[in-house]
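Please work through the exercises below with the sequence and the model side by side. Try each task before reading its solution.

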Amino acid sequence: MFQATIEQSLIFAIMVLGVYISFKILNFPDMTVDGSFPLGAAISAKLLTLGVNPYLTLFVALICGALAGGITGLIHVKLKVQDLLAGILTMTALYSINLRIMGKSNIPLFEEENIFNTDYSIIITIIILILISKLFLDYLLKTKFGFALKALGDNENLVVSLGLNEKKYKVYGLIIANAFVAFSGAILAQYQGFADIGMGTGTIVIGLASIIIGDTIFGKTRKISGTSVVIIGSVLYRAVLALTLSLGMDASDLKLITTIIVLIILWLQNLKNKRRR
């Protein structure tokens, strides 16, 4: 059970990296992730049933997730729709799109080839995928583009004063964020052996819970990078869920447990802030 918890937490950590980009870096409450996560799973599952290479399905899922994020960005910057509402609109549309892609609400993949059918153990494959994702994001955030994204979330006027197009950078950031999310959804579908239309429900809450946990415990530690903090937060979050289930809670109570965890952490964080002040 311990190994399965670690494996799932690292797969979800890739999704959390995407939420980290939109929520922490861009300061954009992007609800698109609840639709782009199952989008990645749906595309990967459908392509697998058609005999497409499992790794190629991950890449296609990543591209489609990027398109979903781009649509949210365009709705926000071009149509002047509020950020939260833009994400909700895209998420709602993606539900129908995902159903159309899958053709039904659930696609079993137990007899299909997947990325975990190798000589390596499952955990090694997942670690390689999370390391690639983390190192790519770390490198990106150290570039001029990455610094502009950080500045955009902190002070949009500063980006404008530097002669940069803040609207384009916001769209680019959402594209990258949802690419990570869809990539994670595709990996999870192959890991668990099925794709389901409802697997994206609460994705944003899981992402935020992981970020808040990591940020509360390690956020003030300069020696640990932001991406490492959210990955650790994802592992701790899944560990808490696993512990709760081992105490006798039903799996159907996971959403309730997640809500309680987030509320407790936010309450503790507010207490810390009050003491500092």
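Predicted model: local features only at pLDDT ≥ 70, side-chain atom pairs only at ≥ 80, totals over all residues.

Residues are numbered from 1 along each chain as its sequence is written, and side-chain values use heavy atoms, with hydrogens and water left out.

**Exercise 1.** Describe how helix 1 and helix 8 pack.

Solution. Helices here are DSSP runs (H or I, at least four residues) and strands likewise (E, at least two), numbered from the N terminus. The axes of helix 1 (residues 2-25) and helix 8 come within 6 Å and cross at roughly 165 degrees; axes are lines fitted to C-alpha atoms, for helices over the stretch in contact, and angles run from 0 to 180 degrees between N-to-C directions. Angles under 35 degrees count as roughly parallel, over 145 as roughly antiparallel, 65 to 115 as roughly perpendicular and the rest as oblique, and helix 1 and helix 8 are therefore roughly antiparallel. Contact (heavy atoms within 4.5 Å) involves, among others, Ile11, Phe12 and Met15 of helix 1 and Phe180, Ser184 and Tyr191 of helix 8. By class, this contact has 16 nonpolar, five polar and one charged residues, where Ala, Val, Leu, Ile, Met, Phe, Trp, Tyr, Cys and Pro count as nonpolar, Asp, Glu, Lys and Arg as charged, and the others, Gly among them, as polar.

**Exercise 2.** Describe how helix 2 and helix 8 pack.

Solution. Helix 2 (residues 33-49) and helix 8 have axes 7 Å apart, at an angle of about 45 degrees, and that makes helix 2 oblique to helix 8. Among the residues making the contact are Phe37, Gly40 and Ser44 of helix 2 and Val181, Gly185 and Ala189 of helix 8. The residues of the contact of helix 2 with helix 8 divide into nine nonpolar, seven polar and no charged.

**Exercise 3.** How many aromatic pairs are there, and how are the rings of Phe116 and Tyr191 arranged?

Solution. Rings of Phe, Tyr and Trp (its six-membered ring) pair if their centres lie within 6.5 Å, and planes under 30 degrees apart count as stacked, over 60 as edge-to-face and the rest as tilted. By this rule the count comes to six aromatic pairs. For Phe116 and Tyr191 the ring centres are 5.8 Å apart and the planes stand at 75 degrees, so the pair is edge-to-face. Because Phe116 lies in the loop between strand 1 (106-108) and helix 5 (122-141) and Tyr191 in helix 8 (residues 166-192), the pair ties together parts that are 75 residues apart in sequence. Both Phe116 and Tyr191 are buried, where buried means under 20% relative accessible area, exposed over 50%, and partly exposed in between (1.4 Å probe, protein chains only).

**Exercise 4.** Where does Asn27 lie, and is Asn27 buried or exposed?

Solution. Asn27 is found in the loop between helix 1 and helix 2, and at 54% relative accessibility it counts as exposed. Although Asn27 is not a glycine, its phi is positive, at about 60 degrees.
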